[in-house]
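Hi,

Here is the structure I promised to pass on. Have a look at it first, and my notes follow below.

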Amino acid sequence: MESNDGWRVAREPNLLQRLRARRAMQAYEKARVPYDQLARQIETLEAEREAMVLAIAARVRAGETIDRRSGEELLRYNKLFADLERPWEKAEANMKKAHAAVTELLDELGFEDVSGVAPEDKD
């Protein structure tokens, strides 16, 4: 049996399997939201810190001295990254757990991704 969205399954899932799939996907979405938020937050901090480092490097190349405020600002970014370490580890662990549960269920049900398979190759 093949769906229009690029998946093939050997048999139609029964009611219990559909309920488990729904719960697994809900858990995945619940884990994905904080993971994505933290990832965006970390990317933003990295970009800001990188811009600051480049500005400091340009000033050093121009022969200017680095003021204390610049060093303190870099330390502030390091502290922000450190503050995100524990929440990131938790979000990443929850995401891995949710992903594993969804993958396990898909394997159990015999789902196969055929979206990248040419039509003549689909059995």
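**Ser-70 and its surroundings**

Leaving out neighbours within four places in sequence, Ser-70 is in contact with Met-52, Ile-56 and Arg-59 (contact means heavy atoms within 4.5 Å). Ser-70 sits in helix H2, and helices here are DSSP runs of H or I, at least four residues long, numbered from the N terminus. With a relative accessible area of 9%, Ser-70 is buried; that word means under 20% relative accessible area, computed with a 1.4 Å probe on protein chains only.

Before you go further: this is a predicted model, so local features need pLDDT of at least 70 and side-chain atom pairs count only at pLDDT 80 or more, while totals for chains, interfaces and linings use all residues. Residues are numbered from 1 along each chain as its sequence is written, and side-chain values use heavy atoms, with hydrogens and water left out.

**The two helices**

H1 covers residues 15–61. Its 47 residues should span 69 Å at 1.5 Å a residue, and the end C-alpha atoms are 67 Å apart, which agrees; the expected span is 1.5 Å times one less than the number of residues. At the start of H1, a side-chain oxygen of Asn-14 comes to within 3.0 Å of the backbone nitrogen of Leu-16. Just after H1, Gly-63 has a positive phi of about 90 degrees.

H2 runs over residues 68–109, and its 42 residues should span 62 Å; the end C-alpha atoms are 60 Å apart, so that agrees too. There is a kink of about 35 degrees at Glu-85, shortly before the proline Pro-87 (the bend is the angle between axes fitted to the seven residues ending there and the seven starting there). Just after H2, Gly-110 also takes a positive phi, of about 80 degrees.

**How they pack**

The buried residues of H1 pack against H2. Among those residues are Gln-17, Leu-38 and Ile-56. On the H2 side, the buried residues include Tyr-77, Phe-81 and Leu-84, and what covers the buried residues of H2 includes H1.

What makes up the largest nonpolar core? It has 8 residues: Ala-24, Tyr-28, Ala-31, Met-95, Ala-98, Val-102, Leu-105 and Leu-109. (A nonpolar core is a set of buried Ala, Val, Leu, Ile, Met, Phe, Trp, Tyr and Cys residues joined through side-chain atoms within 4.5 Å.) H1 and H2 are the elements giving two or more residues to this core, and H2 gives the most, with 5 residues. Apart from this core lies another, of 7 residues, including Leu-38, Ile-42, Leu-45 and Ala-91.

Cheers

Note on methods
Buried < 20%, exposed > 50% of the residue type's maximum accessible area, 1.4 Å probe, protein only. Polar contact = N/O pair within 3.5 Å; in protein donor to acceptor, adjacent residues only side chain to side chain.
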